[in-house]
Amino acid sequence: MDDELITERRSVAFPQVFGYLRHVTGGLARHAALVGCLTEYCRQHELTLCGVFTDRDTAVPVRSPAFVGLLDALELPETYGAVVPALSHLGPKRVAGERKRQITVSSARLIVVRSTTRPTTASVPSLGASADLQRLGDT
């Protein structure tokens with residue numbers, strides 16, 4: 001996602017988003033931390049997190065049940081986009097690329113809490129997650 005402001009320059013109030021996680025290792029505490037990361041990010045950026053779809057299977061088909069559920073939710077009226085803690089939650093590179101394509105085809109935004117680029121200490125933070133969010137849901 002680019003660094004444009006989500007709600008500050010748009011005439012929308014609390015856009016509705018759906019979360020997506022690929023959680024195949026770790027326990028319930030890890031899953032809760034990831035959901036907490038998405039929840040806090042949405043709160044800070046005036047987004048309404050309507051639900052979180054989670055894939056737990058180690059196999060990564062492009063059209064897994066949770067991802068299909070996400071795509072269905074993105075078709076609902078008033079849905080703004082999908083939010084993930086990091087791009088790695090979309091799966092391996094080939095699968096992630098196809099999943100990103102399918103999300104954008106639905107006219108939804110893909111919001112990544114933690115981008116792959118880290119701001120330097122001298123730079124002003126972008127819309128990426130704060131250090132606190134990275135600790136909560138570090139992937």
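**Close-up 1. Asp55 and Ser64 meet through their side chains.** The two side chains make a polar contact at 2.4 Å (N or O atoms within 3.5 Å, one able to donate a hydrogen and the other to accept it; residues adjacent in sequence count only if both atoms are side-chain atoms). The model is predicted: local features need pLDDT of at least 70, side-chain atom pairs need 80 or more, and totals for chains, interfaces and linings use all residues. Numbering starts from 1 along each chain as its sequence is written, and side-chain values use heavy atoms, without hydrogens or water. Asp55 is found in strand β2, residues 48-55 (strands are DSSP E runs of at least two residues, helices H or I runs of at least four, numbered from the N terminus). Asp55 is buried, at 9% relative accessible area (buried is under 20%, exposed over 50%, partly exposed in between; 1.4 Å probe, protein chains only).

**Close-up 2. Phe18 and Phe53 form a tilted aromatic pair.** Their centres lie 6.1 Å apart, with 45° between the planes (centres pair within 6.5 Å; planes under 30 degrees apart are stacked, over 60 edge-to-face, the rest tilted). Phe18 sits in strand β1 and Phe53 in β2, so the pair ties together parts 35 residues apart in sequence. Phe18 is buried at 9%; Phe53 is partly exposed at 23%.

**Close-up 3. Tyr20 and Phe67 pair edge-to-face.** The ring centres are 5.6 Å apart and the planes stand at 80°. Tyr20 belongs to strand β1, Phe67 to helix α2 (residues 65-74), 47 residues apart. Both are buried. Arg99 lies over the face of Phe67, 4.8 Å from the ring centre (Arg CZ or Lys NZ within 6 Å of the centre and within 35 degrees of the ring normal).

Conventions:
Rings of Phe, Tyr and Trp (its six-membered ring) pair if their centres lie within 6.5 Å; planes under 30 degrees apart count as stacked, over 60 as edge-to-face and the rest as tilted.
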